[in-house]
Amino acid sequence: MPIGRTGTRMECKEVRAMETAGLAEGLRLEIEPGWLKGKADGDIESPETYEVSVQVEKLDPAAREAVLAYLEEDPQALYRLLAGEGAPWLDELAPSPLRGELAAEARCTCGRAACAHAAALLAAAARRLAAEPLQQLTLLGLPREALLAGVFDAWAKAAPPPAGGSAAESAARAKEKGPSGPSPGEWVAEAAAEGRLHRPGPQLSELAVQLSPPPPADQLGPAGDWTGLLPGVRGASKALALIARGAAKQADQKRRSLEPPSP
């Protein structure tokens, strides 16, 4: 008989595990600082949608500063975190707050304590945190916006002041002018998250290039003596001069097309 009872208990555990896995697959999970929330649809017999939530402990100030300090010193770790890649350092500085006893602390509209919906919530959350390390920091009270603000603020303070004056004076001048768009830190954060750091920034349109007319065509020729690069080729100097004049002509046509029309 003991063997039979043991077998029955094992079968019940397997059934509960299968039910939890099924609920976790269909559960709509939301991760907020300090909270896990989820909605799970019922079955045919009970089609009601159940809402389950559990509160988790957030990072204390010391642990929060340790995470920011680590990312300040390792920009590549910040990039990998934003890109959704692995972050093994989280296990030491900001380990996952998920633990088994959280199921008993969860609140569910089904009214049962430590219900299958709570277990499904924790199972779905564990998969999400493993796949998206940035969500783990969000759950621990350090969402993406606060994380980037802390890191970029530290980088800005560590940067030397511009030649025109101190950092405080520059900040005061910028404050007087008022906001004219996203700050450099916000732009870099957004660009890093969207994978477009290689593209020029919004200030590119403010650049001005002065184009001057080329010298007369009969004065154009190759810069320096290039004939040494083409030994044994007759007419190399004339050919190079012809190429230079053609390029200058095309450049002058382009310059004229860029000039604003005269009033």
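So, helix α2, residues 61-73: it has 13 residues and spans 18 Å from first C-alpha to last, close to the 18 Å expected at 1.5 Å a residue. Helices here are DSSP runs of H or I with at least four residues, strands are E runs of at least two, and both are numbered from the N terminus. The expected span is 1.5 Å times one less than the number of residues.

Before I go on, this is a predicted model: local features need pLDDT of at least 70, side-chain atom pairs count only at pLDDT 80 or more, and totals for chains, interfaces and linings use all residues. Residues are numbered from 1 along each chain as its sequence is written, and side-chain values use heavy atoms, with hydrogens and water left out.

Back to α2. Its buried residues are Ala63, Val67, Leu68 and Leu71; buried means under 20% relative accessible area, exposed over 50%, and partly exposed in between, with a 1.4 Å probe and protein chains only. Looking down the axis of α2, the buried residues fall within an arc of 135°, so they line one face of the helix. That arc is taken over the directions from the helix axis to the C-beta atoms. On the other side of α2 you get Pro61, Ala62 and Glu73, which are exposed. And what sits over the buried residues? The cover includes α3 (75-82), α4 (90-93), α7 (133-139) and α8 (144-158). At the N-terminal end, Asp60 caps α2, with a side-chain oxygen 3.1 Å from the backbone nitrogen of Ala62.

Leu147, Leu148, Val151 and Phe152 are its buried residues. They cover an arc of only 110° around the axis, which puts them on the same side of α8. The face turned away from that buried side carries the exposed Glu145, Ala156 and Lys157.

On to the cores. In soluble globular proteins, nonpolar side chains tend to be buried together. By nonpolar core I mean a set of buried Ala, Val, Leu, Ile, Met, Phe, Trp, Tyr and Cys residues joined through side-chain atoms within 4.5 Å. Which members of the largest one touch the most others? Of its 23 residues, those are Leu27, Leu29, Leu36, Val52, Val54 and Leu121. β1 (28-32), β2 (35-41), β3, α5 (102-105) and α6 each supply at least two residues of this core, and α6 gives the most, with seven. Apart from it lies another core, of 21 residues, with Leu71, Ala94, Leu142 and Leu148 among them.

Let's zoom in on Val54, in strand β3 (residues 49-55). At 1% relative accessibility, it counts as buried. Leaving out residues up to four places away in sequence, Val54 touches Gly34, Trp35, Leu36, Leu102, Glu105, Ala106, Leu121 and Leu122, where contact means heavy atoms within 4.5 Å. Val54 and Arg107 are 53 residues apart in sequence, yet 6.3 Å apart in space, C-alpha to C-alpha.

Most residues other than glycine have a negative phi. Ala114 isn't a glycine, but has a positive phi of about 50°. You'll find Ala114 in the loop between β4 (107-108) and α6 (116-131), and at 46% relative accessibility it counts as partly exposed.

Definitions and conventions
Polar contact = N/O pair within 3.5 Å; in protein donor to acceptor, adjacent residues only side chain to side chain.
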